Amino acid sequence: MKSNGHPGDEKLIDYVDGTITKDDRKAIVEHLESCERCSAYVQSLQQIFRLLSHDSVPQVEESFFTYLPQRILKRSQASASRRSWRFAFAPVVAVASVVVLLLVVFRFPAQPEFDTIDLMMSEMSMVDLIDVVSDEDGYDVLLYEAGQALEPADEYLMDETPYDLIEALSPAEGEQLVIEIEKEMKSQTSGAS
Amino acid sequence: MEERNLMNELGRRLAKGDEDAFTQIVERFSRQVFAVCFRILRDTEEAKDMVQEVFTRVYVKRKSFKGHSSVYTWIYRIAVNLCLSQIKRTRVQTVPLDDVAYRLASRTSLPDTKSQMLKDVIAKLIEALPPKQRAVFILRFYERLSFKEIAEVTGTSIGAAKANYHFAVEHLRRLAQGGEDFEV
Ligand SMILES: [Zn+2]
């Protein structure tokens, strides 16, 4: 009970919702018998719950669900081959992703969400990175991590993947990016030897 | 085997890249995901596209599903995040609240359950909730998820999930009552 003698609206919502301890329930039932205000409140909750329980989801043709797995597998495989066609080899795409991400990071330097990428960059040389991303699994994980790192402050997942970011570049920007990556890769390889 | 255990077993196989497990997860869970997407977006075609998008992401990210949350909450999380960002991107105007309150207040009893009017009223009420509250309310009220699961799906604390639910219910109640207040 609150200091004013009423259980409080949250408790009453939990009571109608059925998520309440036995003891609390008993106390509320007793209170409702003698309190007009709270029993009217409970009634209005029950009314809105009853109304909303009539909400129905539209019928969708069964074939939509039946062929869904097939459609998705097909689509994902198609986009995977599109990916490998777009850039001749996976590492370039991956390094490009990182470079694009860095550009994004550079544009919003104050955001703490980019820790993962910072960490990845500080602990990995470009050569290590290429190793990781030439492996299909490693690449998936990298993309996932990048997506997580880019998650904006309001908790919603960022909708764009690094792919989307790259695809949004103009051909000239894309070319410039590839030149810069090649430069970077060359300097890394010569540094390593 | 209980449905949840079976799904989690499928989740473990999915994480190893098993395509058959993916197919089974889609078969078992896609109708439920459709219901959630529809209730958040309130548009059948949009919800269908969304279901496809959700499971495409599930497939692409299958190996990053670590199994420390259940496969249910993981998929719900992807669905809710995608729906909420869709709303953010496409819905500029929110529903005028006065309209809902007026339509409800002008009736003396609940409308016939089968009528279009009822559907409209429910849609308007749910659309009147801020997106995050809307998602929490749908997960609790229609999907009967626990607050712990809702916290996992929405990436908040259990307390915050509960608070969001309480806000949503109170919001809906006020709208349906035409703004009637209960003074303490
Ligand atoms: Zn009372």
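Helices here (H or I, at least four residues) and strands (E, at least two) are DSSP runs, numbered from the N terminus. With that settled, welcome to a predicted model, in which local features need pLDDT of at least 70, side-chain atom pairs count only at pLDDT 80 or more, and totals for chains, interfaces and linings use all residues. Residues are numbered from 1 along each chain as its sequence is written, chains are lettered from A and ligands numbered from 1 in the order in which they are written, and side-chain values use heavy atoms, with hydrogens and water left out.

**The two chains**

- Chain A holds eleven helices and zero strands, while chain B holds nine helices and zero strands.
- Of the 193 residues in chain A, 38% are buried (under 20% relative accessible area, with exposed over 50% and partly exposed in between; 1.4 Å probe, protein chains only).
- In chain B, 54% of the 184 residues count as buried.
- Taking contacts (heavy atoms within 4.5 Å) with a separation of 6 or more, residues 24 or more positions apart account for 64% in chain A and 63% in chain B.

**The zinc site**

- The zinc ion has its protein donors (N, O and S atoms within 2.8 Å of the metal, or 3.2 Å for Na, K and Ca; water is not among the atoms, so sites may look incomplete) in A:His6 (ND1), A:His31 (NE2), A:Cys35 (SG) and A:Cys38 (SG), at 1.9 to 2.4 Å.
- The arrangement is tetrahedral (four donors, all angles between 85 and 135 degrees) because the four donor atoms subtend angles of 104 to 122° around the zinc ion.
- Along the chain, the donors are spaced as H-x24-H-x3-C-x2-C.
- A:His31 counts as buried because its relative accessibility is 13%, and A:Cys35 counts as buried because its value is 10%.

**Helix α8 of chain B**

- Helix α8 (residues 147-154) of chain B is mostly covered, with six of its eight residues buried.
- Those buried residues are B:Phe147, B:Glu149, B:Ile150, B:Ala151, B:Val153 and B:Thr154.
- Their cover includes α1 (3-15), α4 (71-90), α7 (131-141) and α9 (158-176) of chain B.
- After α8(B) comes B:Gly155, with a positive phi near 70°.

Key:
Tetrahedral: all angles 85-135°; square planar, octahedral: opposite > 155°, others 65-115°.
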